[in-house]
Amino acid sequence: MKEYVTFRGEVVAEKTADLISGLRAAKESSLAVAEDAFSADILESAGYTLSDLDRHLDSLPEKVEEAIQRTALQVRRLYDTIDNWTELGGALGGVNRAGRIINNLLGIEDGQQGENMDVGSAYPLRRLAESGILPG
């Protein structure tokens, strides 16, 4: 996610726009692949039609952008917490913890070792699944 959201919680507009336009551009080829791979029989048994897939693909770019915006909001709130603790002279443990959470959300290696380090949580497909866009 670090390609789309900064450590301060700002959306990287150009990268996000490129991703969204790429999703829109891939719609027709994605439908063709789905039609070829699943055929009408499999789609029907799953309760879908090509029209259903077409509608889902139409809404995908907005949902992906919303997931990026939500991640940015989470990071921004954590960063604000760091700012507040620093300004008030708060405990460094809280500052370090918020920084580690931001790193985990964005997939930034922070030198921490052990089971608490999960940069896999920043994997964009995982974040999309957590947002309800993808199954899993």
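1. The largest nonpolar core has 19 residues, and Val5, Ile68, Val75, Ile102 and Leu106 touch the most other members. Here a nonpolar core is a set of buried Ala, Val, Leu, Ile, Met, Phe, Trp, Tyr and Cys residues joined through side-chain atoms within 4.5 Å. Two or more residues come from each of α3 and α4 (92-106). The most come from α3, with eight residues.

2. On provenance: this is a predicted model, where local features need pLDDT of at least 70, side-chain atom pairs count only at pLDDT 80 or more, and totals for chains, interfaces and linings use all residues. Numbering runs from 1 along each chain as its sequence is written, and side-chain values use heavy atoms, with hydrogens and water left out.

3. Isoleucine 102 touches Phe7, Val75, Leu78, Tyr79 and Ile82, not counting residues up to four places away in sequence. Contact means heavy atoms within 4.5 Å.

4. Helix α2 (residues 27-45) needs a look. Helices are DSSP runs (H or I, at least four residues), numbered from the N terminus. The end C-alpha atoms of α2 span only 23 Å, while a straight helix of 19 residues would span 27 Å at 1.5 Å a residue. The expected span is 1.5 Å times one less than the number of residues. A kink of about 85 degrees is centred on serine 39. The bend is the angle between axes fitted to the seven residues ending at a residue and the seven starting there.

5. Lys27, Leu31, Ala34 and Leu43 of α2 are buried, meaning under 20% relative accessible area (1.4 Å probe, protein chains only). The buried residues of α2 pack against α1 (13-25) and α3 (50-88).

6. Threonine 16 lies in helix α1. Threonine 16 counts as buried because its relative accessibility is 3%.

Key. Buried < 20%, exposed > 50% of the residue type's maximum accessible area, 1.4 Å probe, protein only.
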